[in-house]
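Subject: Structure for your review

Hello,

Here is the structure I said I would pass on.

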Amino acid sequence: VQLQAYGGGLVQAGGSLRLSCAASIRTYSTYVMGWFRQAPGKEREFVAAVTKSNSTIYADSVKGRFTISRDNAKNTAYLQMNSLKPEDTATYYCAANDYFTVITTAYDSWGQGTEVTVSS
């Protein structure tokens with residue numbers, strides 16, 4: 001399993017970014033896709049996840065602002081981030097797992113991170 005996240009960048013508070021995660025998985029549609037983030041000096045934390053049937057779950061800190069989605073035909077997951085805040089600044093990672101969970105350590109396949117910086 002190989003995952004590649006991209007789409008990060010520098011944005012002003014209130015702005016938007018869309019992250020993408022391209023997966024090299026033969027059975028991509030059967031995997032749960034998750035997004036996590038890690039701010040400097042902090043532990044990696046759950047952001048959002050989407051199941052193979054498009055059920056979603058979000059961390060309270062991003063609920064109503066971020067939207068996770070997936071395109072199984074393109075083996076790609078997305079994280080649309082709106083109304084960004086300086087506290088959203090972090091390195092964002094995508095991950096894949098064969099069951100639905102918000103527990104970071106349960107995900108066994110990770111992509112490299114993409115940095116998101118939100119200026120005030």
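β7 and strand β8 (residues 76–81) run antiparallel and are joined by six bridges. Within this pair, Ile68 has Leu79 of β8 as its bridge partner. Note that the model is predicted.

The two strands belong to an open sheet of four, ordered β1-β3-β8-β7 and paired antiparallel. β1 (2–6) and β7 (66–71) are the edge strands; each has a single partner, so one side of each is left without a neighbour in the sheet. On average, neighbouring strands of this sheet are turned by 15° against each other, direction ignored.

Strand β9 (residues 90–97) is mostly covered, with eight of its eight residues buried. Its pairings are as follows:

- Strand β4 (residues 32–38) runs antiparallel to β9 and is joined to β9 by seven bridges; here Val32 stands opposite Asn97.
- Strand β11 (residues 114–119) pairs with β9 in the antiparallel sense over three bridges, and Thr91 has Glu115 in β11 as its bridge partner.
- Strand β10 (residues 109–110) pairs with β9, also in the antiparallel sense, over two bridges; the bridge partner of Ala95 in β10 is Trp110.

The loop residue is Thr51, placed between β5 (45–50) and β6 (56–58). Is Thr51 buried or exposed? Its relative accessible area is 10%, and buried means under 20%, so Thr51 counts as buried. Leaving aside neighbours within four places in sequence, Thr51 is in contact with Tyr31, Val32, Arg70 and Phe100. Of these, Val32 is the residue that stands opposite Asn97 in β9.

Regards

Notes. Residues are numbered from 1 along each chain as its sequence is written. This is a predicted model: local features need pLDDT of at least 70, side-chain atom pairs count only at pLDDT 80 or more; totals for chains, interfaces and linings use all residues. Side-chain values use heavy atoms; hydrogens and water are left out. Two strands pair if DSSP finds at least two bridges between them. Axes are lines fitted to C-alpha atoms, for helices over the stretch in contact, and angles run from 0 to 180 degrees between N-to-C directions. Buried means under 20% relative accessible area, exposed over 50%, partly exposed in between (1.4 Å probe, protein chains only). Contact means heavy atoms within 4.5 Å.
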